[in-house]
Amino acid sequence: MKKWQKSLLSLLSIGYLIGLAIMLWPRVILTIMALLKRININITISSQTIVDYYGMTLIAITIIILLVILLIPSQKPDIQLSQTKRGRLALSNDGISHFIQTQLSGEGLSNIKVKIKNTRHQRRFHIVADSIYQQYAITELPRLTNTLTDKIADLLAGVNTVPIKVDMKVNQAAGGKRKATRVI
């Protein structure tokens, strides 16, 4: 899990725990209101109103979370090429990633990393590579992107008409830098 997901789930869990505690022990609200009166802060809301509003808020948050979970597209681990009575033939995302790395290996790029987002409605390929000659590689990016898109479309020809999008980024490679000192 990512850090923001953990923090969001932690906050939601704390909110639910506070809500359950208030609903199970409503005297806690009366005690807190009595403490606030001693500090000269007057609140004229009844404890049952606070419990009702908190419960409605938790229901609304739960509905929003449910809708987000249902509407986020799920990623597929592979692309189905054919389905017969005897079995299923599919091309995995790792196979496509290795195909892309093989196609780009002769273009002066190194350390090629491919991230694939394969959903029912789109196939997105995010490629990051290093190049010693970054300016030259940047000028060649449109050609590389177009040829790679065509080759991926040829690889997946006849499967379905899901759009293919290729995003490429070229970083400057650390050429010639040594990690250790040279001893003569």
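A salt bridge is a side-chain nitrogen of Lys or Arg within 4 Å of a carboxyl oxygen of Asp or Glu. By this rule the count is 3 salt bridges. This is a predicted model, where local features need pLDDT of at least 70, side-chain atom pairs count only at pLDDT 80 or more, and totals for chains, interfaces and linings use all residues. Residues are numbered from 1 along each chain as its sequence is written, and side-chain values use heavy atoms, without hydrogens and water.

**View 1. Glu107 forms a salt bridge with Arg143.** Their closest N and O atoms are 2.9 Å apart. The pair links distant parts of the chain, 36 residues apart. Glu107 sits in the loop between helix H4 (93–104) and strand E3 (110–118). Arg143 is in helix H5 (residues 134–155). Helices (H or I, at least four residues) and strands (E, at least two) are DSSP runs, numbered from the N terminus.

**View 2. A nonpolar surface patch includes residues of H1 and helix H2 (27–38).** Leu17, Leu20, Leu24, Trp25, Val28 and Ile32 make this patch of about 640 Å². Patch residues have over 30% relative accessible area (Shrake-Rupley method, 1.4 Å probe) and no salt bridge. Nonpolar side chains (Val, Leu, Ile, Met, Phe, Trp, Tyr) are joined within 5 Å, like charges within 9 Å. H1 gives the largest share, 3 residues. Leu17 lies in H1.
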